[in-house]
Amino acid sequence: MTKRGQITLRELLAFDEGGVLRLLLAPSGQDVRVTGMIIGDEGPARSYAGRIVLAAGLFHSTGAATASIREAARRGAAAVVVRAGEDLAADALDVAEQGGIALLARAEWADWDDVATMLRSAAAYGEAGRGDRMAEATAGGGLAALASVVAEFTGGSITIEDTQFRVLAHSATGPEADELRRSTILGGRVPDWRVEELRRSGLLRTLWSSGEVIHRPADESTPERLIIAIRSGREMLGSIWAAADGRSLTPNAASALSRAAEVAVPYLVQHRLRESGARRREEHALRGLLAGEGDLSTLGQTLGLPLDLRCAVVLAETGPVAPAPGEGAPARRSAAERV
């Protein structure tokens, strides 16, 4: 097991489900430890030992690329990340091989912020499996394992939801579960009428602005609930809901929910990266197809388009309102009307 605050290159790539990075070369193997991140050239005072160097804005020529990789290796960096399609000289790969430093390429659809976010989240993911019983029980099992262990700690029925109130994971429910909880789990999301009700009551505003566990007393239709937001810094990622399920919640339920929100952060970030990565890959593929650039077969597969399918592209233009016909200039028509 790696030390606290560290993750191996293998663990990092396994965390990267969205494909932000692609491994080009790992002469020292994938079990090298990664201790942090360097963005660009941070000067001689900053230690590179065990860190991943993001070559952001460094390579203005193939010679510069080779020199940067050599310098990173000399200073003990674990890996260098270059832009996808970077015109690396053949000797750049040789330098990485000789220096024992891993070389990775950033996906074409991604930017440096995506890479940095993924790396920070991967480190947090490694930390999530260490430190206490809840974290260790969750490691390897993801959000489903977290929901189950939180149910054990709180004595309630658990749902973990994103900011669109889609259920990402839930614990098993007993026969005493209320109808709202059952419909939420079966439907995969909180019903729209319930979201609107929570919005009108002010509970959602309180949830998104508070870092504390919120207690919602039982009423005629639903049992008591504890809710907490999941945040990464100031960014809202989702929430965890614990509902009494035929019995009272445990005395330590609130503290258990607070810890669960911390453990859940890297999993929710991973979920968000996976979704945004898929969307941006499709946007990148569509731009490539329209421009006729890149491997059209690969781009079509990304969009799920059969290679022999004939397609028509229809565009619509928007512009200032033109005078009606007969009252001046002819009205502007959309491209779709002119096809």
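**Salt bridges and cavities in a predicted model**

Reader: At 42% relative accessibility, what does R10 count as?
Author: This model is predicted. Buried means under 20% and exposed means over 50%. R10 has 42% relative accessibility, so this residue counts as partly exposed.

Reader: Which residue forms a salt bridge with R10?
Author: The partner lies in the loop between β2 (21–25) and β3 (33–34), while R10 sits in helix α1 (residues 9–15), so the pair ties together parts that are 21 residues apart in sequence. The closest N and O atoms are 2.9 Å apart.

Reader: What separates E71 and R74 along helix α2?
Author: These two residues form a salt bridge, with the closest N and O atoms 2.8 Å apart. E71 is partly exposed at 31% relative accessibility, and R74 is exposed at 61%. Both belong to helix α2 (residues 62–74) and are 3 residues apart, so the separation is about one helical turn.

Reader: Which residue is linked with E71 and R74 in a network of salt bridges?
Author: Side chains of opposite charge can pair when their charged atoms come close. E71 and R74 pair in a salt bridge. Their network has one further member, R75.

Reader: How far apart are the closest N and O atoms of E196 and R199?
Author: Both residues lie in helix α8, 3 residues apart. E196 is partly exposed at 34%, and R199 is partly exposed at 45%. A salt bridge needs a nitrogen–oxygen distance within 4 Å. This pair forms one, at 3.3 Å.

Reader: How many salt bridges does the count come to?
Author: E196 with R199 is another. The count comes to 9.

Reader: Which element gives the largest share of the lining of the largest cavity?
Author: This cavity holds about 100 Å³ of space. Its lining includes T159, L180, R194 and W241. β8 (156–162), α7 (179–187) and α8 (192–201) each supply at least two lining residues. The largest share, 3 residues, comes from α7.

Reader: How many charged residues are in the lining of the largest cavity?
Author: Among the lining residues are E161 and R181. By class, there are 4 nonpolar and 2 polar residues. The charged residues number 4.

Reader: Which helix supplies the largest share of the lining of the second largest cavity?
Author: The second largest cavity has a volume of about 40 Å³. Its lining includes F15, M118, Q270, L273 and R274. By class, the lining has 4 nonpolar, 2 polar and 3 charged residues. The largest share, 3 residues, comes from helix α10.

Note on methods: Residues numbered from 1 in each chain as written. Predicted model: local features only at pLDDT ≥ 70, side-chain atom pairs only at ≥ 80, totals over all residues. Heavy atoms only, no water. 1 Å grid on protein atoms, 1.4 Å probe; cavity = no way out; pocket = protein on both sides within 12 Å on 5 of 7 lines; lining within 4 Å. Points joined across faces, edges and corners; volume = space filled by probe spheres on them. Helix = DSSP H or I, 4+ residues; strand = E, 2+ residues; numbered from the N terminus. Nonpolar A, V, L, I, M, F, W, Y, C, P; charged D, E, K, R; others polar. Salt bridge = Lys/Arg side-chain N within 4 Å of Asp/Glu carboxyl O. Buried < 20%, exposed > 50% of the residue type's maximum accessible area, 1.4 Å probe, protein only.
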